Amino acid sequence: MAVNKVKGTYDVLPSESFRWQALEEKIRSILALYNIKEMRTPIMEYSEVFHRQSELSDMVTKETYDFDDRGDRKLTLRPEGTAGIIRSYVENKLYATQELEKVYYIGPNFRYERPQKGRYRQFFQFGVEAIGALDPALDAEMIILSYDFIKRLGLKGVSVRINTLGDDESRKTYQEALISHFEPHKDTLCEDCQARLLKNPLRILDCKVDQTHEAIIQAPTPQDYLNESSKAYFKQVLSHLTAAKIHYEIAPRLVRGLDYYSHIVFEIEADIEGFGAQNVLGGGGRYQKLVKELGGPDLGGIGFAFGMERLLMALEAENIELAVEKPLDAFIIVFNEDIRPKATQILYQLRQANYIADMNYTQKAFKGQLKQALRLNAKYLIILGDDEYQKGVVAIKNTATEVQEEVPFSRIAHYFKENVGK
Ligand code: HAM
């Protein structure tokens with residue numbers, strides 16, 4: 001019986017993987033400009049990394065893949081990158097050697113969500129975390145980086161939306177105001193939001209069930225509850241963005257779904273045909289308690305993450321190719337099984353000289369081999385027949401110009417150097 005893939009997952013087929021690689025290469029080259037190094041943490045963590053006692057997010061209750069391993073340890077497949085990075089930052093005491101640690105990561109995450117276009121149960125994120133400092137210039141850098149990144153991809157119709165939740169004090173007052181606001185409407189809220197009311201009322205503003213609910217539209221915004229220092233911090237972040245000429249808009253209702261945020265939150269949206277509700281390419285914000293909660297010192301951080309699938313979908317919708325798959329330099333066509341070892345030798349020599357080369361491995365006749373070579377867009381055919389073999393040569397044919405030349409075995413690599421370069 002054939003077995004299908006797990007619901008909400010997808011395969012990257014050989015014909016598509018170069019698009020992923022091109023995006024990853026682009027990410028790595030841009031991040032190098034910002035002097036940000038890669039960090040790789042495990043896909044599975046002890047559950048308490050995500051299910052922290054004090055935190056009562058939706059992620060905790062519903063969206064994670066939790067399981068007991070054979071030793072009865074409670075483990076969770078990471079639903080996002082930040083918490084695992086912070087766990088490692090604390091465990092490896094990175095704060096002891098660096099006042100500010102800036103890292104990026106690319107990898108799979110798992111959320112038990114209802115799959116739809118642009119939303120999967122296994123999805124890839126590219127994210128950045130800057131841990132150890134509270135400085136408006138750093139918040140601005142993270143926003144500038146995400147903006148720069150999207151611009152460098154060539155995407156248009158992109159907007160950066162920014163808001164502040166204020167510091168812990170402001171956030172707490174705001175949270176209380178939200179509870180008082182929603183309390184009278186409790187029965188009309190969706191089931192999830194009723195549960196969120198006391199634990200994480202900010203999340204109600206992000207309700208996926210009913211964004212047109214009157215009480216949500218009428219809800220107070222964090223701006224009304226900011227204390228002076230939070231207002232000043234926000235203003236400073238914006239002044240850096242203005243200085244750098246970054247286009248942003250203040251989104252007073254933006255709160256973001258994850259519960260660890262305070263101060264700055266931001267999202268990058270793209271206005272892309274057919275995207276619908278999944279137009280958020282990425283988002284992030286500042287977190288001031290996460291490091292301490294995971295056993296580290298009282299240090300804050302700020303970061304963001306982009307969904308790789310959404311980036312690829314956006315690039316496709318906009319007809320942007322980050323890279324074109326490289327065609328073969330050469331395909332060897334062999335007439336006779338007895339002389340194939342010579343083809344193996346030539347193939348190896350060409351690859352040693354860094355040419356992309358291949359031949360047929362399914363005993364196809366000449367016509368079949370030729371078809372395969374043309375399908376692969378090979379620039380040159382290397383034809384090895386009995387006569388050629390006896391003479392110690394191959395026939396090399398340029399598939400674009402159809403010019404064919406006889407080349408001695410010992411000159412093949414040289415011929416490619418002269419005609420293809422490298
Ligand atoms: P998030 O908003 O939950 O933030 O996810 C960031 C991005 O990941 C989303 O904007 C979206 O593009 C993508 N994404 C999320 N869930 C899915 C899904 N089920 N399928 C496909 N793509 C998805 C975070 O994860 C935070 N850790 C970001 C952050 C880093 N904040 C501070 N540092």
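Which backbone atom lies 3.2 Å from an oxygen atom of the ligand? A backbone N or O atom of Gly 307 does. The model is predicted: local features need pLDDT of at least 70, side-chain atom pairs count only at pLDDT 80 or more, and totals for chains, interfaces and linings use all residues. Residues are numbered from 1 along each chain as its sequence is written, and side-chain values use heavy atoms, with hydrogens and water left out.

**Ligand contacts**
- A polar side-chain atom of Glu 113 lies 2.5 Å from a nitrogen atom of the ligand.
- A backbone N or O atom of Gly 303 lies 3.4 Å from a nitrogen atom of the ligand.
- The ligand taken alone exposes 660 Å², and the protein buries 95% of that (areas by the Shrake-Rupley method with a 1.4 Å probe).

**Shell around the ligand**
- There are 27 residues around the ligand (a heavy atom within 4 Å of it), and Glu 80, Thr 82, Glu 113, Tyr 120 and Tyr 261 come nearest.
- These shell residues divide into 11 nonpolar, 9 polar and 7 charged (Asp, Glu, Lys and Arg count as charged; Ala, Val, Leu, Ile, Met, Phe, Trp, Tyr, Cys and Pro as nonpolar; the others, Gly among them, as polar).
- Strand S10 gives the largest share of the shell, 7 residues (strands are DSSP runs of E, at least two residues, numbered from the N terminus).

**Sheet**
- An open sheet of 8 strands has the order S1-S5-S6-S11-S10-S9-S7-S8, with mixed pairing (two strands pair if DSSP finds at least two bridges between them).
- Strands S1 (37–38) and S8 (248–250) stand at the edges with a single partner strand each, so one side of each has no neighbour in the sheet.
- Strands S7 (residues 158–164) and S9 (residues 262–270) pair in the antiparallel sense over 7 bridges, and the bridge partner of Thr 164 in S9 is Ile 264.

How values were computed: Polar contact = N/O pair within 3.5 Å; in protein donor to acceptor, adjacent residues only side chain to side chain. Helix = DSSP H or I, 4+ residues; strand = E, 2+ residues; numbered from the N terminus.
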